[in-house]
Amino acid sequence: MSEGERRTVGERGQITLPKGFREAYNIRGGDEVVVRDDDGRLVIEKPVTREDLAKGYRQRAERDAALADEFNGVSTEANEELGDAPDW
């Protein structure tokens, strides 16, 4: 699959996505794609699905929980070394 395959636009504005791209991005007949302008460049991409969003939110929650656990340990260690914060 090359980075820049030429395609001819049909009378109705249609093009055929190269097979290598369809396979690489798991695009099948009937699937939706997003076509947009990105600073003068035509971009064709798969839309973000609910499943994609859910996966991203799960990954973020797992990362946040791991960070919270790490910081909890650091706070406990700091309290043991330095004592409680002064009551100013």
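Of the 88 residues of this protein, 3% count as buried, where buried means under 20% relative accessible area, exposed means over 50%, and partly exposed lies in between (1.4 Å probe, protein chains only). Keep that in mind as you turn the model on your screen.

**Before you start**

The model is predicted, so local features need pLDDT of at least 70 and side-chain atom pairs count only at pLDDT 80 or more, while totals for chains, interfaces and linings use all residues. Residues are numbered from 1 along each chain as its sequence is written, and side-chain values use heavy atoms, with hydrogens and water left out.

**Stop 1: the whole chain**

You will find two helices and two strands, arranged along the sequence as α-β-β-α. Helices (H or I, at least four residues) and strands (E, at least two) are DSSP runs, numbered from the N terminus.

Now colour by pLDDT, the predictor's confidence in each residue, from 0 to 100. The mean for the protein is 87, and 90% of its residues reach 70 or more. Where is confidence lowest, and where is it highest? It is lowest in helix α2 (residues 50-82), at a mean of 85, and highest in β1, at 96. Where pLDDT is low, the predicted coordinates should not be read in detail.

**Stop 2: the hairpin**

Select residues 34-38 and 41-45. These are strands β1 and β2, which pair in the antiparallel sense over five bridges; two strands pair if DSSP finds at least two bridges between them. Pick Val35 and look across: Ile44 in β2 stands opposite. Then pick Arg36, whose bridge partner in β2 is Val43.

Zoom in on the turn, where the hairpin has two residues between the strands. Which residue there takes a positive phi? Asp39 does, near 55°, although Asp39 is not a glycine. Asp39 is exposed, with a relative accessible area of 75%.

**Stop 3: another positive phi**

Is Asn26 buried or partly exposed? With 41% relative accessibility, Asn26 counts as partly exposed.

**Stop 4: a nonpolar patch**

Select Val9, Ile15, Val33, Val35, Leu42 and Ile44 and show their surface. Together these residues make a nonpolar surface patch of about 530 Å². Patches are made of residues with over 30% relative accessible area and no salt bridge: like charges are joined within 9 Å, nonpolar side chains (Val, Leu, Ile, Met, Phe, Trp, Tyr) within 5 Å. Take a look at Leu42, which has its place in strand β2. Leu42 is exposed, because its relative accessible area is 67%.

**Stop 5: the salt bridges**

How many salt bridges does a search of the whole structure find? The search finds five, a salt bridge being a side-chain nitrogen of Lys or Arg within 4 Å of a carboxyl oxygen of Asp or Glu.

- Select Glu5 and Arg7: their side chains meet in a salt bridge of 3.4 Å, N to O. Glu5 is partly exposed at 35% relative accessibility, and Arg7 is partly exposed at 40%.
- Select Arg63 and Asp64: they form a salt bridge with the closest N and O atoms 3.5 Å apart. Arg63 counts as partly exposed at 47% relative accessibility, as does Asp64 at 36%.
- Arg36 is partly exposed at 32% relative accessibility, and Asp38 is partly exposed at 39%.

Key:
Areas by Shrake-Rupley, 256 points an atom, 1.4 Å probe, with all protein chains shown as cover.
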